[in-house]
Amino acid sequence: VYADSGAGPVSLGQALTCLGGLVDPVAHGAVQPITAAQLLGPSGEWEGTTKLLVFPGGADLPYCGKLNGKGTERIKAFVRRGGSYLGLCAGAYFASAAVEFAAGSEMEVMGPRQLALFPGTCRGPVFPGFQYCTMAGSRAVRLRSTVGCFRCFYYGGGEFVMPEGCASPAVHVLASYCDDGDGNPLDEPFPVAAVQVSLGEGQAILCGAHPEFDLDIRPPTSPFSPSGSSRREVQKDTMGCAAAATA
């Protein structure tokens with residue numbers, strides 16, 4: 001799990017905790033943090049012992065600042081050779097071919113991305129209210145997935161948009177946003193919340209929401225309140241989605 005500039009402390013902690021509870025260390029090895037220096041270290045140092053590389057929520061520009069060039073090339077090569085990549089929120093923006101974030105606002109971040117595991121644009125936030133360094137705008141949104149409907153923690157993530165007329169057989173939609181977290185249904189076609197992308201012998205799963213998020217350890221200052229479902233029910237749904245995504 002990437003643990004360097006750009007990885008939000010809460011998102012990083014949630015990812016490590018969630019995956020640590022899902023992964024059998026005997027069968028699959030330990031869940032460990034990895035820094036930019038390690039990713040950029042001697043060739044093969046981490047690739048030979050890594051099955052899944054996870055980029056958590058936070059901010060994608062620092063990811064680009066540390067890893068553009070050699071780092072993104074090695075990550076893409078790792079996936080092509082059979083590795084897996086899981087991008088959550090900022091990790092999903094980082095792994096898309098282009099980012100459109102908060103267009104027209106003071107927080108605007110726009111432009112191409114070098115990693116480009118997903119060949120389209122990650123555009124967000126999907127829902128209003130997001131502010132950096134707070135939990136403003138967080139909510140429990142309902143997702144419709146290949147395994148049913150469930151609620152999932154959301155905080156500033158994007159939707160996945162392919163260029164018009166450029167559908168790709170390598171891209172499979174895993175889940176879509178179907179309500180706004182307040183019980184109001186969205187118009188169809190629903191914005192795409194999660195995708196699976198095949199690349200060479202490997203794959204990437206990108207998710208705009210946070211299936212790894214454990215509500216029992218959310219920051220006490222968070223205004224988030226699961227609408228229409230108890231915290232325990234939302235946590236159960238969220239952990240189930242994470243398990244499916246990392247299987």
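Predicted model: local features only at pLDDT ≥ 70, side-chain atom pairs only at ≥ 80, totals over all residues.
Is Cys-152 buried or exposed? At a relative accessibility of 0%, Cys-152 counts as buried, where buried means under 20% relative accessible area, exposed means over 50%, and partly exposed is in between, with a 1.4 Å probe and protein chains only. Residues are numbered from 1 along each chain as its sequence is written, and side-chain values use heavy atoms, with hydrogens and water left out.

Let me stay with the cysteines for a moment. Cys-149 is partly exposed, because its relative accessible area is 45%, and its sulfur lies 4.9 Å from the closest cysteine sulfur, that of Cys-178, which is too far for a bond. A disulfide is taken to be a pair of cysteine sulfur atoms within 2.5 Å, and by this rule the count is zero disulfides.

Next, the aromatic rings. A pair of aromatic rings is described by the distance of the centres and the angle of the planes. Rings of Phe, Tyr and Trp (for Trp, its six-membered ring) pair if their centres lie within 6.5 Å, with planes under 30 degrees apart counted as stacked, over 60 as edge-to-face and the rest as tilted. By this rule there are 17 aromatic pairs. In one of them, Phe-101 and Phe-130 have ring centres 5.6 Å apart and planes at 85 degrees, so the pair is edge-to-face. Phe-101 lies in strand E3 (residues 96–101), whereas Phe-130 is in the loop between strand E5 (118–124) and strand E6 (139–145), so this pair ties together parts that are 29 residues apart in sequence. Helices (H or I, at least four residues) and strands (E, at least two) are DSSP runs, numbered from the N terminus.

Phe-101 counts as buried at 6% relative accessibility, and Phe-130 is buried too, with a relative accessible area of 10%. Phe-130 also pairs with Tyr-132, their ring centres being 5.0 Å apart and their planes at 80 degrees, so that pair is edge-to-face; Tyr-132 itself is partly exposed, at 39%.

Elsewhere, Tyr-2, Phe-55, Tyr-63, Tyr-85 and Phe-94 form one aromatic cluster. Phe-94 is also one of the residues touched by Thr-72, contact meaning heavy atoms within 4.5 Å. Thr-72 sits in helix H5 (residues 70–80) and counts as buried, at 4% relative accessibility.

Methods
Lists of a residue's contacts leave out its neighbours within four places in sequence.
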